[in-house]
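Good morning, and thank you for joining. Please look at the sequence and the structure as they come up, and I shall then take you through the two chains and a few selected places.

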Amino acid sequence: MAHNENCRQLLGSLSEYVDGTAEESICADIERHLADCNNCRVVVDTLRRTVYLVRSTRPEETVMPAEVRDRLYKVLNLEDYLNSGG
Amino acid sequence: MSQNGSKPPPISLEALKAGDKAQFALLVEQNSNQIYRLALRILGNEQDAEDVLQETFIKAFRHIQDFDGRSRLSTWLYRIATNEALMLLRKRKPDTLSVDDTTETDDGELTEPVQIVDWAQLPEDELLSSETLAYVDQAIEALPERLKITFILREVEGLSTLEAAEVLNISEAALKTRLSRARLQLRESLTEYFEGRFEGKVYGT
């Protein structure tokens with residue numbers, strides 16, 4: 001029971017922990033806990049992978065279609081500048 | 001204007017405020033793609049994204065005098081766009097809250113991890129399959145509105161904690177809490193997704 005309470009308390013800090021931005025004392029607490037809590041270790045590992053996976057989806061970046069850009073410049077009365085950009 | 005490595009020309013706020021059209025065109029050129037992408041991510045619909053894009057720059061043009069220069073222009077544009085997108089969402093679903101709404105309905109206890117499956121051990125190629133990455137997109141899409149927007153600003157658009165907090169008009173601490181929730185929730189969805197691949201091989205009891 002006390003064990004579960006620890007897991008819950010640390011949960012809110014795990015996101016910063018995987019980013020390496022958690023305070024030192026919190027990191028120490030987390031690491032002490034992880035040493036004997038397998039469940040939390042799995043949560044940390046999979047959370048880290050989650051962040052990694054999300055960052056891996058980025059390459060297919062959406063680019064605004066040319067017609068959308070044309071219409072935007074028209075609406076803003078900026079047609080004269082339509083061809084100035086890349 | 002070259003896009004190949006050279007820095008974009010700086011925008012003069014003074015000229016913008018004086019109504020310089022060329023400067024405004026530059027502002028549009030440098031920011032429209034990100035604004036469109038953000039709107040598309042939040043709204044999931046191209047027509048709505050285009051409406052938000054146009055409305056964002058119309059408002060920016062109209063209200064440039066109100067911009068105080070404390071944040072970056074891009075942050076200010078993100079803020080207008082996010083509010084516009086939320087307004088559209090609210091029209092669709094009347095229960096959506098404004099980003100300015102500071103009542104934290106989501107600061108109860110964090111959802112505890114339910115799924116403990118060690119899919120972190122999966123080999124890289126399986127982890128990064130196109131099917132998995134498509135699922136990641138869906139899982140982001142399925143996050144509750146405010147978590148989703150926080151997540152998109154921070155993780156997809158790559159804004160800093162401070163910038164994302166400014167866009168949403170919340171404290172940095174609140175931003176971090178939302179990001180943490182969003183990530184834990186995504187972890188949960190991904191665990192469900194990967195669970196099948198372990199065929200009952202559940203770790204940690």
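Chain B has 9 helices and 0 strands, where helices (H or I, at least four residues) and strands (E, at least two) are DSSP runs, numbered from the N terminus. Its elements, read from the N terminus, run α-α-α-α-α-α-α-α-α.

Before I continue, a word on conventions. This is a predicted model, in which local features need pLDDT of at least 70 and side-chain atom pairs count only at pLDDT 80 or more, while totals for chains, interfaces and linings use all residues. Residues are numbered from 1 along each chain as its sequence is written, chains are lettered from A and ligands numbered from 1 in the order in which they are written, and side-chain values use heavy atoms, with hydrogens and water left out.

Chain A has 5 helices and 0 strands, in the pattern α-α-α-α-α along the sequence.

Let me turn to burial. Buried means under 20% relative accessible area, exposed over 50%, and partly exposed in between (1.4 Å probe, protein chains only). Of the 205 residues in chain B, 50% are buried; for the 86 residues of chain A the figure is 41%. Accessible areas come from the Shrake-Rupley method with a 1.4 Å probe, and for residues only the protein chains shown count as cover. Chain B exposes about 10,000 Å², with 49% supplied by carbon and sulfur atoms. Chain A exposes about 4,900 Å², and there carbon and sulfur atoms supply 46%.

Next, contacts, meaning heavy atoms within 4.5 Å. Among contacts with a separation of 6 or more, residues 24 or more positions apart account for 65% in chain B and for 44% in chain A.

**Two residues of chain B that touch chain A**

Which residues does E50(B) contact, beyond its neighbours within four places in sequence? They are V68(A), R71(A) and Y36(B). E50(B) sits in helix α3 (residues 46-63) of chain B and is buried, at 6% relative accessibility.

N33(B) belongs to helix α2 (residues 21-43) of chain B. With a relative accessible area of 22%, N33(B) is partly exposed. Setting aside residues up to four places away in sequence, N33(B) touches T62(A), V63(A) and M64(A). Within chain B, the C-alpha atoms of N33(B) and L53(B) are separated by 9.0 Å, the two residues being 20 apart along the chain.

**Cysteines**

A disulfide is a pair of cysteine sulfur atoms within 2.5 Å, and the count over all chains is 0. For C7(A), the nearest cysteine sulfur is that of C40(A), 3.6 Å away. C7(A) is buried at 15% relative accessible area, and C27(A) is likewise buried, at 18%.

**The second largest pocket**

Finally, the second largest pocket has a volume of about 390 Å³. Its lining comprises 17 residues, of which S71(B), T75(B), W76(B), R79(B) and E166(B) are the closest to its centre. Two or more lining residues come from each of α4 (73-92) and α8 (161-168) of chain B, and α4(B) gives the largest share, 7 residues.

As for definitions, on a 1 Å grid over the protein atoms alone, a pocket is an open set of points where a 1.4 Å probe fits, with protein on both sides within 12 Å along at least five of seven lines; lining residues have an atom within 4 Å of a point. Grid points are joined across faces, edges and corners, and the volume is the space filled by probe spheres set on the points.

What is the division of the lining into nonpolar, polar and charged residues? The lining has 5 nonpolar, 4 polar and 8 charged residues, where Ala, Val, Leu, Ile, Met, Phe, Trp, Tyr, Cys and Pro count as nonpolar, Asp, Glu, Lys and Arg as charged, and the others, Gly among them, as polar.
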